[in-house]
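Hello,

I am handing over the structure below. Please open it first, then read my notes on the helices.

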Amino acid sequence: MITGMLYHFPRARFVDENGIYGQVSHINSEATEAAAELGNPDIQFVAMEVMDVYHSAETALRILQEKYGVDIKALMFKVAAKNEERGYYK
Ligand SMILES: [Mg+2]
């Protein structure tokens, strides 16, 4: 069951400034930064970069919602159903 707010971070200006290709590329760069921190003994640096990925993904979802009309709540249910079928929640 999915409850609560669709987004956790405030709406970033990149929703207006970026297209979906640029934003997906940005998620990739943030994921690369997270991976680069894996050797850091201070886990907070990894956590910070993973949170950047999360924020960047939210921005991509806002772009999909606002510029392409994707129903994000319906999408969440669809993805959760797919992952339920795959046994991810057991
Ligand atoms: Mg970063």
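**Notes on the helices**

The axes of α2 and α3 cross at roughly 170° and come within 8 Å. (Axes are lines fitted to C-alpha atoms, for helices over the stretch in contact, and angles run from 0 to 180 degrees between N-to-C directions.) So α2 is roughly antiparallel to α3, a term for angles over 145 degrees. On the α2 side, the contact includes Ile20, Val24, Ile27 and Ala31. On the α3 side, Val46, Val53, Ala57 and Leu64 are among the residues. Contact here means C-beta atoms, placed from the backbone, within 7 Å. The contact residues are 12 nonpolar, four polar and four charged. (Nonpolar: Ala, Val, Leu, Ile, Met, Phe, Trp, Tyr, Cys and Pro; charged: Asp, Glu, Lys and Arg; polar: the others, Gly among them.)

This is a predicted model: local features need pLDDT of at least 70, side-chain atom pairs count only at pLDDT 80 or more, and totals for chains, interfaces and linings use all residues. Residues are numbered from 1 along each chain as its sequence is written.

Helices are DSSP runs (H or I, at least four residues), numbered from the N terminus. In α3, Glu49, Ser56, Thr59, Ala60, Arg62 and Ile63 are buried, meaning 20 or more other C-beta atoms lie within 10 Å of the residue's own, with C-beta atoms placed from the backbone. They pack against α1 (14–17) and α2 (20–36). Just after α3 comes Gly69, with a positive phi of about 70°.

Is α4 buried or in the open? Of its 14 residues, the number buried is zero, so α4 lies largely in the open. Gly87 follows α4, and its phi is positive, near 80°.

Best wishes

Notes
A residue is buried if 20 or more other C-beta atoms lie within 10 Å of its own, exposed if 12 or fewer, and partly exposed in between; C-beta atoms are placed from the backbone. Helices (H or I, at least four residues) and strands (E, at least two) are DSSP runs, numbered from the N terminus. Two residues are in contact if their C-beta atoms, placed from the backbone, lie within 7 Å. Angles under 35 degrees count as roughly parallel, over 145 as roughly antiparallel, 65 to 115 as roughly perpendicular and the rest as oblique.
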